[in-house]
Protein chains: 2
Amino acid sequence: MTVPSEATLKPPVAVVACGVIGRSWVRVFTRAGHPVRLWDPSRDAMEAALVWHAEECARDGRPTAAVQLCASIADVVDGVVWVQENGPESLEAKRAIFAALDAAAAPDTILASSTSTLDMTAIARDLAGAHRCIVAHPVNPPHVIPAVEVLGGEHTSEATRARTVEMLRAVGQVPVELRRYVPGFLLNRLQVALIREAIALVESGVAGVDEVDAVVRDGLGLRWALMGPFGVANTNADGGVREYLTRFGGSISGLMDDLSPTPALSPELIERLGRATDAMVGDTTAAAQRAWRDRLVARLTALKRETT
Amino acid sequence: MTVPSEATLKPPVAVVACGVIGRSWVRVFTRAGHPVRLWDPSRDAMEAALVWHAEECARDGRPTAAVQLCASIADVVDGVVWVQENGPESLEAKRAIFAALDAAAAPDTILASSTSTLDMTAIARDLAGAHRCIVAHPVNPPHVIPAVEVLGGEHTSEATRARTVEMLRAVGQVPVELRRYVPGFLLNRLQVALIREAIALVESGVAGVDEVDAVVRDGLGLRWALMGPFGVANTNADGGVREYLTRFGGSISGLMDDLSPTPALSPELIERLGRATDAMVGDTTAAAQRAWRDRLVARLTALKRETT
């Protein structure tokens, strides 16, 4: 008789749709010991996700829970405590998937969406189980980058919110709760704020793509990997964020008002940025860049956990 | 008879004014083997910088070049190939210091300013040696964070620009050249673009300071420590930055236009941000946070150098 390991005692979860984000979620849950039930309308996508997942497990060299391919939404939700949905980013598609999930899943199952743009109020509008529907938006790829934005809709219950935060923490993610919906949530608003100014600086000829990127990857980004903008401001003056925003408040406000207007993303500008980015990255592939990024981010997050 | 090590053969450089930035520059140059001549109007500041420098050297456990305290500007520039100026951030102060430096330094000495805001055209306007004056603006602290913004004034020579880039590379920094002056250069424009949206999101109640920071330090920042905004965009779609800006161009442009207006930095808002930041960082000191940041950034940059 074999005694089940702790890992096999964790309840199964479902991953619905498995592109780059979905397969990464599979890794998040299996690594934490949850058996995963996987469904995607494309059998090829599921097979590809399994191959990728096996490679990741081999690289990690750690025991891992099983992945079960499923034939339908009704099949994938069978016996799971959590569904992570990663379907197409359109309200119609999400509403159809959530209607099917809500009809098929046991009443206690949390239905979480990886949507980066949509409001759960709209996705779950007509559902009997709207109270158990919630946004859990990861940063790509979630098995490497821990932050996950959490935001309910109008009818999402407090219990669902609390269970979502608890579950995400338990699998090693960092849940970040929003108090209300705004387009782009926190993550994409902050990302777009940076890239808007970045594009404008290149477009107006202040510097090239490589220079703008260098200021981030060899400058600002080294601090932002450890502290957010408030944490950075707090260390930028001995009196902390209060002194920083007071003593430098005039020049900060002046710069805020001087930021560039939104550049028009014309095909010519996109091609110009594309050529400059090609020149910057050289002949490495996107896959090689992602693999390097994921390896270093994993080491960095391990380092942060060791030292805080 | 002792043979001088390679390090002792490097030419001396001068560091003028040694607050947090100046003392960090001392470490940059001594670590690279340059003897440093140091002058600050405050003898106490020089002594404090020496103590700090000795601690840093002890931590690094590597041989290091000497630091010579000097009595005046005329003294500090004696025999140096490079001056790194870190005086007060006002045009009047910089003009006075640069006039004194230009009058005293040998004709070939590069006069570099750490200014984060001023235009070298204005600082060096009336100087005979305007051709050898240049901005070399570091990220705090430069002995840990490599990016340095490089920008000449109207009269800065091509030779000065080329020698500046070469010198900064030789001491282990990453020079980032701007083509023309804009307020805030690249670095502070990008930093302010992020913090503007960050403050606005907190002010309007979408999330708290800790949540906004978490999205950066456990999310976006982990990528930005390795890739700038264009590098990230290039890995966010299989077709690279072109596909990213084309396929998601509509929603990116929509978000760009939806970004928050500049928040007014009222005393009430600053106090609210201060309290929330206090709660986030707990009872750690700014010095402890900086020490942790510097240690991790040093390990991260070493990791990046090993793997690229």
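**Exercise 1.** At roughly what angle do the axes of helix 8 of chain A and helix 7 of chain B cross?

*Solution.* The model is a predicted one, in which local features need pLDDT of at least 70, side-chain atom pairs count only at pLDDT 80 or more, and totals for chains, interfaces and linings use all residues. Residues are numbered from 1 along each chain as its sequence is written, while chains are lettered from A and ligands numbered from 1 in the order in which they are written.

Step 1. The axes of helix 8 (residues 209-224) of chain A and helix 7 (residues 185-203) of chain B cross at roughly 70° and come within 10 Å. Helices (H or I, at least four residues) and strands (E, at least two) are DSSP runs, numbered from the N terminus. Axes are lines fitted to C-alpha atoms, for helices over the stretch in contact, and angles run from 0 to 180 degrees between N-to-C directions.

Step 2. Helix 8 of chain A is therefore roughly perpendicular to helix 7 of chain B. Angles under 35 degrees count as roughly parallel, over 145 as roughly antiparallel, 65 to 115 as roughly perpendicular and the rest as oblique.

Step 3. Helix 8 of chain A contributes A:Glu211, A:Val212, A:Val215, A:Val216, A:Gly219 and A:Leu220 to the contact, and helix 7 of chain B contributes B:Leu186, B:Leu187, B:Leu190 and B:Gln191. Two residues are in contact if their C-beta atoms, placed from the backbone, lie within 7 Å.

Step 4. Seven residues of this contact are nonpolar, two polar and one charged. Ala, Val, Leu, Ile, Met, Phe, Trp, Tyr, Cys and Pro count as nonpolar, Asp, Glu, Lys and Arg as charged, and the others, Gly among them, as polar.

**Exercise 2.** Determine how helix 8 of chain B packs on helix 12 of chain B.

*Solution.* Step 1. The axes of helix 8 (residues 209-224) and helix 12 of chain B lie 9 Å apart, at an angle of about 60°. This angle makes helix 8 of chain B oblique to helix 12 of chain B.

Step 2. B:Val209, B:Asp210 and B:Asp213 of helix 8 meet B:Leu273, B:Ala276, B:Thr277 and B:Met280 of helix 12. The contact comprises four nonpolar residues, one polar and two charged.

**Exercise 3.** Which residues of helix 10 of chain A are buried?

*Solution.* Step 1. In helix 10 (residues 240-247) of chain A, the buried residues are A:Gly240, A:Val241, A:Tyr244 and A:Leu245. A residue is buried if 20 or more other C-beta atoms lie within 10 Å of its own, exposed if 12 or fewer, and partly exposed in between; C-beta atoms are placed from the backbone.

Step 2. These residues lie on the same side of helix 10 of chain A because they cover an arc of only 145° around the axis, the arc being that of the directions from the helix axis to the C-beta atoms.

Step 3. Their cover includes helix 9 (229-235) and helix 11 (249-258) of chain A, together with helix 12 (267-281) and helix 13 (286-307) of chain B.

**Exercise 4.** Describe the backbone at A:Ala17 and A:Pro141.

*Solution.* Step 1. A:Ala17 has a phi near 80°, a positive value in a residue other than glycine. A:Ala17 sits in the loop between strand 1 (13-16) and helix 1 (20-31) of chain A, and counts as buried because it has 24 C-beta neighbours inside 10 Å.

Step 2. A:Asn140 and A:Pro141 are joined by a cis peptide bond, with omega about -5°. A:Pro141 belongs to the loop between strand 6 (133-138) and strand 7 (147-152) of chain A.
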